[in-house]
Amino acid sequence: AADIIRENFIGEYDESELADWAIEAMVASLNDRWSFYMNPEEVAAYEMSSRNSYGGIGIVVQDNDDAQGARVMKVYEHSPAGEAGVAPGSLFLSVDGRDVAGMERDEVVELVRQAIARQRVTLRLLCPDGEEREYTLIPGDVYTEPVTFRVLPGGLGYVRIENFEGRSAQGAIEAVEALRTRGVSGLVFDVRENPGGQLSELLQLLDYLLPEGKLFISRNIDGSE
């Protein structure tokens, strides 16, 4: 197939991209949800996400519940937006000088992504205190915390685990230790919408929580366990 393309295709194409699509199609034909192909750019992005970090400005955007438009739902502390003081709840007014008042969330997100690709994002926001402020952000590494915890009414300890990527096991262990010092009567682990992650992180946490015993069996193609 590659030879036919080389000999007959009159347009321009990228050999490496051709190979990427061919490999991706072969893996997809296995019809196995756990088997997939990543190109070099996707591998780099995955390696960042597996450390609970990614490249960007560090905000999560949501629809404006009160009217049209979009708001900043969440700001990651260790991010360009967090360090600049962007406040959750701020309403988007403009992105790189373009008026976005009344735009749908997806449109605003796409404008922000385009600005991130240009390595400079200028946001004008209506902040929760009623003031309009402009922020110029240089995209960089965003570090997210995969574990949060608190004491629930009734004395139960609540541990939310967003994923099982880097730092999740240690974060959950530290959360449990902190809750135990507060004298909680039990623990609730919230893993709703947790997409999974690294087996090593999961095993580290389960080894801490559970008594000694067999967790699961892994079997290779040659039958070894």
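So, the largest pocket: 23 residues line it, and the ones nearest its centre are Asn52, Tyr76, Thr144, Glu162 and Asn163. Two elements give two or more residues to that lining, β1 (53-56) and β3 (70-75). Before I go on, this is a predicted model, where local features need pLDDT of at least 70, side-chain atom pairs count only at pLDDT 80 or more, and totals for chains, interfaces and linings use all residues. Numbering runs from 1 along each chain as its sequence is written, and side-chain values use heavy atoms, with hydrogens and water left out.

What do I mean by a pocket? On a 1 Å grid over the protein atoms alone, it's an open set of points where a 1.4 Å probe fits, with protein on both sides within 12 Å along at least five of seven lines; lining residues have an atom within 4 Å of a point. Strands are DSSP runs (E, at least two residues) and helices are too (H or I, at least four), numbered from the N terminus.

The volume of the largest pocket is about 470 Å³, that being the space filled by probe spheres set on the points, which are joined across faces, edges and corners. Its lining splits into 6 nonpolar, 10 polar and 7 charged residues. Charged here is Asp, Glu, Lys and Arg; nonpolar is Ala, Val, Leu, Ile, Met, Phe, Trp, Tyr, Cys and Pro; the others, Gly among them, are polar.

Now the second largest pocket, at about 260 Å³. Of its 14 lining residues, Tyr54, Ile59, Val60, Val61 and Val109 lie nearest the centre. Which elements give two or more residues to this lining? They're β1, β2 (59-63) and α5 (105-117), and α5 gives the most, with 5. This lining has 9 nonpolar, 3 polar and 2 charged residues.

On to the rings. There are 2 aromatic pairs in the structure, meaning rings of Phe, Tyr or Trp (its six-membered ring) with centres within 6.5 Å; planes under 30 degrees apart are stacked, over 60 edge-to-face, the rest tilted. Phe9 and Tyr13 are edge-to-face, 6.0 Å centre to centre with 65° between the planes. Tyr54 and Tyr76 have centres 6.4 Å apart and planes at 80°, so that pair is edge-to-face as well. This pair links distant parts of the chain, with Tyr54 in strand β1 and Tyr76, 22 residues away, in the loop between β3 and α4 (80-84).
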